[in-house]
Amino acid sequence: MVFAPLEPHSRAETVVRRLTDAITFGLLTDAEQLPSEADLAAQFGVSRVTVREALVALRQQNLVETRRGRGGGSFVRAPAARHDVHSRLAELSLPTLRDTADHYAAVAGAAARLAAQRADADDILRIEEVDADVGRPLHRMERAYHLEVAAVAQSARLAREEVRFATELGTVLWSPVLPSDDGAYDPHADHRAITAAIAAGDGDLARRLTEDHIEKAVERLVTLHLTLIEQ
Amino acid sequence: MGQTTTVEAAALATDLAEHAFAIADDLRAQAERLLRTHADLSHLRPAVTAALGGLISGAGVITAERPQRLEWWMGADPAQRTRLDLDLDPASDTFVDVGRQQWFAVPRDTGVRHVTGPYVDYVCAGQYALTFTVPISHDGRFGGIAGADVFVADFERALRPALRALGSPAALVNTHGRVVAGTTAHHLAGSLIRDEQIRAALLTQTPATVPGGVTLTPCGTLPLAVLTW
């Protein structure tokens, strides 16, 4: 069940997945030292016990090595055959990423179009309220925004899909680690434009802006992949 | 046909909603007793699970104090019953800010019962639902909410024969003009009535005939009304 309550151990799984993604995608490089347990706990918004549990799992997968004593800590152990990983990304991950992102754009775009048909003034306020909460990490803010749009679309199915994509793709797609060549990249500005189109009842515009918004994020991610592959 | 049946359809919708509220109110009374004696909320479990079934897809209690306690169960089918376990950690990705949910905030802020929805209940069952909640009183203050969920699909199924019997296009809507159940493709669950005159009439919640021939029949004191075209 998508909405089954999160058990504490599934938070550890989420941390494991995110760090595994970061190592696989090359966002964390070989031998790089991870932040301390306390810092990781703070950054992921979980308890230290959860972080510890996640690190145990990552050690078992040989993705992390923990050294004790002076100069100790947890270090990334990227898969040895780096080039293999990169070529695998080039051959497999990009098309898969593209396909996943296309599916996501279809879901989020349709939600925006339906929201424009079905939103009343209170709904617009709810969407704006979610977007105004700027203190959150980007992926969490994106998850909350698009989930709220799907709720305003009155679609339980699209909302469930949003939750699924947020888990599957969101933390990578909206990773703050991703470099942006384009200084104009501003997710909040994108959201404001989408919300305005929804408020104006312009479903076609709301959908197009949402698709563009996701496409920009995918471009950032793909550019990073290609950079890594060329290294 | 005509006026009598519209009143009957509104009365049926009222009965269905009042049934959900009666369950919420029973849980409220039990929760208030437990809070007075500082007993564990898990004592509510038999009453909560007994309330599930038929129209009722979820029911329970959520307290106001922090950390919040909850005893809320979902699943009309006994074989698929699950206990709601919300992520109440503000730093978590899947954090649920209960205080911002309409079903919690409105009874807290107004002190009276509230119908939330139809809405996408993405924090609990992930379904399109109506949630009926009442405030719990503790030491003369707001102590939390007790409530019951009804899936819109089940509500529609229960109301459909009465709406169909009206003979003309009809819909049950909330005071915001959101359709709960309708008998035409134009007014299916979730769509919004945009006509300003109908929207204004809905807010007054009195029987009315809006210019254009739309009749409005309120469902008792509930924020629901039957519209016929």
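**Exercise 1. Helix 6 and helix 7 of chain A**

Determine the handedness of the crossing of helix 6 of chain A and helix 7 of chain A, and classify the relative direction of helix 6 and helix 7 of chain A.

*Solution.* The crossing of helix 6 and helix 7 of chain A is right-handed. This result refers to a predicted model. For the direction, take the axes of helix 6 (residues 138-152) and helix 7 (residues 156-173) of chain A, which come within 9 Å and cross at roughly 165°. Angles over 145 degrees count as roughly antiparallel; therefore helix 6 of chain A is roughly antiparallel to helix 7 of chain A.

The contact can then be listed. Helix 6 of chain A contributes A:H139, A:R143, A:H146, A:L147 and A:A150, while the residues they meet in helix 7 of chain A include A:L158, A:E162, A:V163 and A:G170. By class, this contact has 6 nonpolar, 4 polar and 2 charged residues.

**Exercise 2. Helix 6 and helix 8 of chain A**

Classify the relative direction of helix 6 of chain A and helix 8 of chain A, and state which residues make the contact.

*Solution.* The axes of helix 6 and helix 8 (residues 187-199) of chain A come within 12 Å, crossing at roughly 5°. Because angles under 35 degrees count as roughly parallel, helix 6 and helix 8 of chain A are roughly parallel to each other.

On the side of helix 6 of chain A, the contact is made by A:L138, A:M141, A:E142, A:Y145, A:H146 and A:V149; helix 8 of chain A supplies A:P187, A:H188, A:H191, A:I194, A:T195 and A:I198. Sorted by class, the contact of helix 6 with helix 8 of chain A has 7 nonpolar, 4 polar and 1 charged residues.

**Exercise 3. The open sheet of chain B**

Give the strand order of the open sheet of 5 strands in chain B, and identify its edge strands.

*Solution.* The order is 8-7-11-10-9, with antiparallel pairing. Strand 8 (179-182) and strand 9 (208-210) of chain B each pair on one side only, and are the edge strands. Neighbouring strands of this sheet are turned by 25° against each other on average, direction ignored.

Within the sheet, strand 10 (residues 214-218) and strand 11 (residues 224-228) of chain B run antiparallel and are joined by 4 bridges. B:T217 has B:V226 in strand 11 of chain B as its bridge partner. Helix 4 (residues 152-164) of chain B packs on the sheet, touching strand 7 (170-174), strand 8 and strand 11 of chain B. The direction of helix 4 of chain B makes about 45° with that of strand 8 of chain B.

Key
Residues numbered from 1 in each chain as written. Chains lettered and ligands numbered in written order. Predicted model: local features only at pLDDT ≥ 70, side-chain atom pairs only at ≥ 80, totals over all residues. Heavy atoms only, no water. Pairing = 2+ DSSP bridges. Helix = DSSP H or I, 4+ residues; strand = E, 2+ residues; numbered from the N terminus. Axes fitted to C-alpha atoms, helices over the stretch in contact; angles between N-to-C directions. Contact = heavy atoms within 4.5 Å. Parallel < 35°, antiparallel > 145°, perpendicular 65-115°, else oblique. Left-handed = near helix turned anticlockwise from the far one by under 90°. Nonpolar A, V, L, I, M, F, W, Y, C, P; charged D, E, K, R; others polar.
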